Amino acid sequence: MQNGFKSIFDGKTLKGWTGDPTYWTVSDGAIVGTITPETLLKANTFLIWEGEVADFELKAEFRISESGNSGINYRSDRVEEVPFALRGYQADIDGKVNYTGQNYEERKRATLAYRGQKTRITSQPDDITNLRDFVERNAWKGLNLESELGDRAELGAKIKKEDWNEIHLIVKGNVMQHFVNGILMSEVHDEDAKNRMMSGLLGVQVHVGPPMKVEYRKLMLKKL
């Protein structure tokens with residue numbers, strides 16, 4: 001226990017988490033997500049924490065292979081038709097550092113803030129019933145840029161490739177902040193009352209694509 005933070009991973013087992021053991025193991029004190037040439041995915045799969053989050057802070061460390069694509073989902077719900085799939089907010093993480101730090105909503109509104117952006121999210125018009133019709137170039141059309149937090153490439157240069165990085169999520173009310181290595185990478189103010197989620201599930205992802213490896217350790221949660 002550290003300032004109200006509580007460990008949600010014991011460093012040895014996946015007790016308290018649910019996922020497909022084909023993809024998730026524990027090694028050297030870390031949760032390890034692996035895709036091999038024999039286990040390529042048809043749909044993104046998650047290791048899901050057996051609890052719910054509403055307002056919270058999460059601190060963790062991650063390391064990802066160059067070909068890797070992952071992320072930490074929160075305030076999410078399960079996709080019933082796909083095993084271990086989540087739909088909801090994601091702190092994006094990728095090995096090439098194209099997306100790490102951004103806020104991407106898995107299976108819903110797509111990009112809500114690119115790295116380096118503070119955004120205000122507004123709803124789709126009432127006549128659009130299919131959410132994906134209000135997504136263009138993998139970003140939500142209701143993404144309103146409020147301010148720049150910094151240059152996207154310069155912020156990306158603060159993230160270590162194929163090495164351990166610290167991630168810190170602060171989620172309170174409708175405001176979501178993603179920090180990597182102590183630097184604010186994105187901030188979303190979600191005013192989309194139709195689509196936002198104020199509580200839900202937490203999980204880590206392995207993404208459809210080439211063989212990859214992602215590791216998470218020192219996962220500490222504080223409920224606010």
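In this predicted model, Thr-100 is located in the loop that lies between strands β8 and β9. Thr-100 counts as buried, because its relative accessibility is 0%, a value that falls under the 20% limit applied to buried residues. The side chain of Thr-100 reaches the backbone nitrogen of Asp-94 at a distance of 2.9 Å. When neighbours within four places in sequence are left aside, the residues in contact with Thr-100 are Phe-62, Asp-92, Ile-93, Asp-94, Arg-115, Ile-159 and Val-180.

The volume of the largest pocket is about 280 Å³. Its lining comprises 16 residues, and those nearest the centre of the pocket are Asp-92, Gln-102, Tyr-104, Asn-138 and His-207. By residue class, the lining of the largest pocket consists of three nonpolar, eight polar and five charged residues. Asp-92, one of the residues nearest the pocket centre, is also among the contacts of Thr-100.

Strand β18, which spans residues 201–206, is largely enclosed by the rest of the structure, because six of its six residues are buried. In a regular strand, side chains alternate between the two faces of the sheet. In β18, Leu-201, Gly-203 and Gln-205 point one way, whereas Leu-202, Val-204 and Val-206 point the other way, and all of these residues are buried.

Two pairings of β18 with other strands can be described. Strand β5, formed by residues 45–49, pairs with β18 in the antiparallel sense over four bridges, and within this part of the structure Phe-46 stands opposite Gln-205 of β18. Strand β7, formed by residues 69–78, also runs antiparallel to β18, to which it is joined by three bridges, and here Ile-72 stands opposite Val-204 of β18.

Lys-59 is classed as partly exposed, because its relative accessible area is 31%, a value between the limits of 20% for buried and 50% for exposed residues. Lys-59 and Asn-130 are separated by 71 residues in sequence and, from C-alpha to C-alpha, by 34 Å in space.

Methods: Residues numbered from 1 in each chain as written. Predicted model: local features only at pLDDT ≥ 70, side-chain atom pairs only at ≥ 80, totals over all residues. Heavy atoms only, no water. Buried < 20%, exposed > 50% of the residue type's maximum accessible area, 1.4 Å probe, protein only. Pairing = 2+ DSSP bridges. 1 Å grid on protein atoms, 1.4 Å probe; cavity = no way out; pocket = protein on both sides within 12 Å on 5 of 7 lines; lining within 4 Å. Points joined across faces, edges and corners; volume = space filled by probe spheres on them. Nonpolar A, V, L, I, M, F, W, Y, C, P; charged D, E, K, R; others polar. Polar contact = N/O pair within 3.5 Å; in protein donor to acceptor, adjacent residues only side chain to side chain. Contact = heavy atoms within 4.5 Å.
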